[in-house]
Amino acid sequence: MTTKNIGKPQDRVDGKLKVTGRAMYPGDRRMENLAYGYLLTSTVAKGSIRAMDTSGAERTRGVLAVYTPFNPLKLYRGLDSSEGANSGEIQPPLQDARILNYGQIIGLVVAESFEQARDAAALVTTQYDEDNPVASWETGMENAFTPEAVGGESATIKILSEGVSSIDDAIKDSPVVLDATYREPIYHHNPMEPHATTAVWQGDRLTIYDATQGVVAQRLDLAAVLGIDEDMVRVLCPFVGGGFGCKGSMWMFSPLTAAAARALGRSVKTILTREQMFTLVGHRPALIQRLTLGAKPDGTLQAVKHDVRSTVSFSKVFVEAAAHRTSRLLYKSTNIQVSQTLVPWNVGGPTFMRAPGCAPGMFALECAMDELAAKLRIDPIELRIKNNAEVFPGKNVPWSSKNLVECYQLGAQKFGWSKRNPEPGAIRDGDWLVGMGMASALYPAHRSQASVKVRLQADGTAEVSSATQDLGTGTWTVLAIVGADSLELPIEKIRPELGDSALPHAPTSGGSTSVASVTPAIQRAAESAKRKLIQFVLRDKRSPFFGMRAEDVVYRDGKIEGGGKSADFGSVLTAIGRGAVEAVEMAEPGEEEQKYAFHSFGAQFCELRVNRWTGEVRLQRITSVMDIGTVVNLKAARSQIIGGIVFGIGMALLEGSVLEEKTGRYGNANFADYLVATNADVPYVDVYFIDKPDTIFNPLGARGIGEIGITGMPAAIANAVYNATGNRVRDFPILPEKLLPLGLNQPAISMALR
Ligand code: MOS
């Protein structure tokens, strides 16, 4: 394999299709005989439906059907994650009249046009027997429960040193203790592309264009809910307009649409409205996290206690493993305890959201570390380096590759950390208070079984195909880059294919897993295809290499060479009358999983300013250093990290779903009121990679990078806000009103006034 293309900045091979509007997303599909679905959703959060009047809707021109719990389509239970699915929704809609959250599916109107379906939906009236919903921490705590497991481990993990009977004793024995509680609201993924599905039946066979991060798992889930064999379902999703986890599992509007299409003998397309995106396709749970850190005066950690309360819904459990994925492993402390409790609310089902567990957990842990550093009067980076873990706590296995200290040091140097004044509120620029902050970044490296087909074609091109996905992350281009280097061909000669469940199976693109899983299979399939090619050219009389010995013939730079002859593989295939030679290979992780821990790490820095009178926070610049193994595409890798950072800016300063306690309705389920970071909110972002291949993890040495970019950013921002103002906001997002009043009680400013 060459490395001509790996690690260089490459343009997206699908870029032109996207910017010219030719990339077809599931909602863009048009076909003969297409009808349009529009979902009816509940306007109460708890109770049951007493009656629905659909007569007005049914009389509307163009309406084909109105499905409700009183006129349902038969759907079956969804699979849970133990059944090979993606822990999508389990409870099928319309099978009973119960209401468990505001915005729940209570019907589907199908009409000849989208407008007819939407307008008819507005004519349906629904009567409810309404109960008071659970939509606050206060009311939810009555039903709190402990999950059976958190990420395969117990809900409470205690790693205590000998002679220490409890984490609280370790805290009591600590000379310096930091005890703080951090809160965050529900967050929504809000990808640009809303969820959409277009279902086409041919006899008993379903072809479904579905916005998903996992075509293979989606196929299995859909088949189960529709009560058909998975071989009868083909899921297509070549382009995803942003996923962030909400497209990582199946949501019930999709099989409901397919069932309607089956019943009506029509193709049906359903696209969710932006408001429906808040209640039908998941969110990140709300959290209350209590961090207690015990340290010696020199900063050595003696106790890390991290207790998490996270919300779930009454219809779907999802554990936001904020402590188990962070405090449980980031720092070496002689004593560590993490624990988790779940609190059900009447909201739609929660799910993975970019860096699940890590993003919220690192907000709490990395703010607490900053608070501890301030208390100890130790530099925050020094405190982190002092407590850097060389082995995975409690398991005592090393990391396959870990360069976190280098991240801190390189980041500090590139950012200019030495210019930071540790005294909060000390730096002013007119009406602006200026601060710097930093935090560690962390995300596990996942790899699973994946298969790839490599097909060398007589026209001199090569197809590299797999049922993986590109969420906008760059998988199309990764297939091309790694295919090109594995086959020693220019990128332009590679034809990637993905997003089709009929291709060799690959995992769901979640947990930053695709590059690490799929690239080893590309390398294997490429080697197999080359071997097959050589066998063919030795055996065929028409081949220039006919009769030569296998060991005398090699594949090099897209050519077959041997016996003083050299020919492009395409021309030889043509000469022997073959259209192509192909190989499918599978690759999966091996025994290394028992001997090592696999994580990516990083350090993130920011400088910002806070307006003294308005509390407005403006970011000035951001520096990130990431230790993610081999960089496959430098351009897309930077873009992934920047994307994560933009997500982190939103999480810290702007985003947050406002759940009305009395009604269980989101008060800001739209893009005017749910603010995501836009260009004007994002300053210059500097991204560096350590670029040390992690070849214990996989042959290419590449760990995933889709999620780690967000993980340190929220805490780095909160810590910089503290450094600027002296105010600790432990309740996200950091809105201006939470910072005000600023000014008169500020040490630096009162000094200036004196
Ligand atoms: Mo990502 S939240 O694992 O799709």
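Is Glu488 buried or exposed? Glu488 is buried, with a relative accessible area of 16%. Buried here means under 20% relative accessible area, exposed means over 50%, and partly exposed lies in between (1.4 Å probe, protein chains only).

## Ground rules

This is a predicted model, in which local features need pLDDT of at least 70, side-chain atom pairs count only at pLDDT 80 or more, and totals for chains, interfaces and linings use all residues. Residues are numbered from 1 along each chain as its sequence is written, and side-chain values use heavy atoms, with hydrogens and water left out.

## The whole chain

The chain holds 19 helices and 27 strands. Its radius of gyration is 28 Å, close to the 27 Å that the globule rule gives for 754 residues, so the chain is as compact as a globular protein of that length. That radius is taken over C-alpha atoms, and the globule rule is 2.2 Å times the number of residues to the power 0.38. Helices (H or I, at least four residues) and strands (E, at least two) are DSSP runs, numbered from the N terminus.

Along its principal axes the C-alpha trace spans about 95 × 75 × 55 Å. Of the 754 residues, 62% count as buried. Among contacts with a separation of 6 or more, 80% come from residues 24 or more positions apart. Contact means heavy atoms within 4.5 Å.

H12 (514–539) has 26 residues. From first C-alpha to last, H12 reaches 37 Å, close to the 38 Å expected at 1.5 Å a residue. The expected span is 1.5 Å times one less than the number of residues. H12 is mostly covered, with 19 of its 26 residues buried.

Ser512 lies in the loop between S20 and H12. Its phi is near 50°, a positive value in a residue other than glycine. At 12% relative accessibility, Ser512 counts as buried. Glu488 also has a positive phi, of about 55°, although it is not a glycine. Glu488 sits in the loop between helix H11 (475–487) and S20.

## Salt bridges

Side chains of opposite charge can pair when their charged atoms come close. A salt bridge is a side-chain nitrogen of Lys or Arg within 4 Å of a carboxyl oxygen of Asp or Glu. By this rule there are 36 salt bridges. One of them joins Asp500 and Arg234, at 2.5 Å from N to O. This pair links distant parts of the chain, 266 residues apart: Asp500 in the loop between strand S20 (494–497) and H12, Arg234 in strand S11 (residues 233–236). Asp500 is buried at 9% relative accessibility, while Arg234 is partly exposed at 36%.

Arg284 and Glu320 form another salt bridge, with their closest N and O atoms 3.4 Å apart. Arg284 lies between strands S12 (267–271) and S13 (287–295), and Glu320 between strands S14 (301–313) and S15 (336–345), so the pair ties together parts that are 36 residues apart in sequence. Arg284 and Glu320 are both buried. Arg665 pairs with Glu660 at 2.9 Å. Shared partners also join Lys453, Arg455 and Glu582 into one network of salt bridges.

## Strands and a hairpin

Three strands form an open antiparallel sheet in the order S4-S2-S6. Strand S4 (98–99) and strand S6 (125–130) stand at the edges, each with a single partner strand, so one side of each is left without a neighbour in the sheet. Two strands pair if DSSP finds at least two bridges between them. Two bridges join S2 (residues 47–53) to S4. In S4, Arg98 is the bridge partner of Ser48.

Elsewhere, S22 (residues 559–562) and S23 (residues 565–568) pair in the antiparallel sense over four bridges. Glu561 has Ser566 as its bridge partner in S23. Two residues lie between these strands in the hairpin, where Gly563 takes a positive phi near 55°.

## A buried asparagine

Asn668 sits in the loop between helix H15 (634–654) and strand S27 (684–689). Asn668 is buried, with a relative accessible area of 4%. A polar atom of its side chain lies 2.8 Å from the backbone oxygen of Gly656. Residues touching Asn668 include Phe278, Val658 and Tyr674.

## Two cis peptide bonds

A cis peptide bond joins Phe732 and Pro733, with omega about -10°. Pro733 is in the loop between helices H17 (713–725) and H18 (736–739). Another cis bond joins Leu740 and Pro741, with omega about -5°. Pro741 falls in the loop between H18 and helix H19 (747–753).

Methods. Polar contact = N/O pair within 3.5 Å; in protein donor to acceptor, adjacent residues only side chain to side chain. Lists of a residue's contacts leave out its neighbours within four places in sequence.
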